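Please read the following account alongside the sequence and the model. It goes from aromatic rings to a helix packing and then to a few single residues.

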Amino acid sequence: MIKKAVLPVAGFGTRCLPASKAIPKEMITIVDRPVIQYVVEEAVAAGIRDIVLVTHGSKSAIENHFDKHFELEASLEAKGKRELLEELRSIVPDDVNIISVRQPEPLGLGHAVLCARPVVGDDSPFAVLLPDVLVDAEGLARNDLACMLDAFEASGHAQLMVEEVPRELTHKYGIVDTGGEIPDPGESRPLAGVVEKPAVEVAPSNLAVIGRYALPGSLFALLAETAPGAGGEIQLTDAIETLRRREGVDAFRMRGKTYDCGHQLGYLEAILAYGRRHARYGEGFRDLLARYAAEG
């Protein structure tokens, strides 16, 4: 089973400026916790136990968030704030490891994943989770990542998670071609290719790649051989295409919903979705929404 996940967090987050000028975009909060914590919680719920953060020198706040803060914990304990103390201590379960490696230069997503090679190894399958995207598992017994990892285990094929998007918006996404066989939610189909931002009239489907991957360790060797593309960057999609031609790759259709927190409106929608059902603040937040809706 896949127990390791790579989270590329070294980017500058230009889509989130000016909010991301002084803090990592992954540390922008959704209700009461940063985006990156939701992504780590998703991985842990799917059975991942080694989280590899591919980071940059300017992103130490992310590492600090998952580290123990002894002085703060001692202060909370002295003040009797046990509930808050336990909440901080549960950010990373005892059986989960947070490991950081540096990406010294911004040479693309493929290069960021390749930086994790010494930690993951060529013999271990692994997941990749892009931290811009939240995958909501509300109402599901098991989250989509767990089900995609099961599909990898059962088939032996790499998996790309995809989401149905409105046909008129296919020009905004990487769209998969499954040869006309559209998988049902929670199922996989062999991938015939990925078309980047196709025009609506030529899009092979309306299933978009959303930033969750289950990959064999052999992908690292393919990334090492992948020539840089536009802007001198090594593209993960190029290595996955090589893998598809050699071994086959599947598209796994998710059942939940995504929120693109790298975009301001996606971030605001995530706050609405998670805020309305928050155990502590949900009722008050719903009252606020009703009040503002009434004001027009």
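**Aromatic rings and helix contacts**

Y38, Y259 and Y274 form one aromatic cluster; rings of Phe, Tyr and Trp (its six-membered ring) pair if their centres lie within 6.5 Å, and planes under 30 degrees apart count as stacked, over 60 as edge-to-face and the rest as tilted. This is a predicted model, in which local features need pLDDT of at least 70 and side-chain atom pairs count only at pLDDT 80 or more, while totals for chains, interfaces and linings use all residues. Residues are numbered from 1 along each chain as its sequence is written, and side-chain values use heavy atoms, with hydrogens and water left out.

The structure holds three aromatic pairs. One of them joins Y38 and Y274 edge-to-face, at 4.9 Å centre to centre and with 65 degrees between the planes. Y38 lies in helix α1 (residues 35–45) and Y274 in helix α10, so this pair ties together parts that are 236 residues apart in sequence. Helices (H or I, at least four residues) and strands (E, at least two) are DSSP runs, numbered from the N terminus. Y38 is buried, with a relative accessible area of 12%, and Y274 is buried with a relative accessible area of 12%. Here buried means under 20% relative accessible area, exposed over 50%, and partly exposed in between (1.4 Å probe, protein chains only).

Another pair is that of F126 and F220: the ring centres are 4.7 Å apart and the planes are at 10 degrees, so the pair is stacked. F126 belongs to strand β6 (residues 126–129) and F220 to helix α8 (residues 219–225), so the parts tied together are 94 residues apart in sequence. Both F126 and F220 are buried.

R33 lies over the face of Y38, at 5.7 Å from the ring centre, and the charged end of R277 sits over the ring of Y274, 4.7 Å from its centre. A charge sits over a ring if NZ of Lys or CZ of Arg is within 6 Å of the ring centre and within 35 degrees of the ring normal.

Return now to the helix that carries Y38. In α1, nine of the 11 residues are buried, and the helix is mostly covered. The buried residues include V35, I36, Y38, V39 and V40, and also E42. Just after α1, G47 takes a positive phi of about 100 degrees.

How do α10 and α11 pack, and at what angle? Helix α10 (residues 264–276) and helix α11 (residues 282–295) meet at an angle of about 125 degrees, with their axes 8 Å apart. Axes are lines fitted to C-alpha atoms, for helices over the stretch in contact, and angles run from 0 to 180 degrees between N-to-C directions. The two helices, α10 and α11, are therefore oblique to each other; angles under 35 degrees count as roughly parallel, over 145 as roughly antiparallel, 65 to 115 as roughly perpendicular and the rest as oblique. I271, L272, G275 and R276 of α10 make the contact with G282, F285, R286 and L289 of α11, where contact means heavy atoms within 4.5 Å.

G282 lies in helix α11 and, at 0% relative accessibility, counts as buried. Not counting residues up to four places away in sequence, G282 touches G275 and R276.
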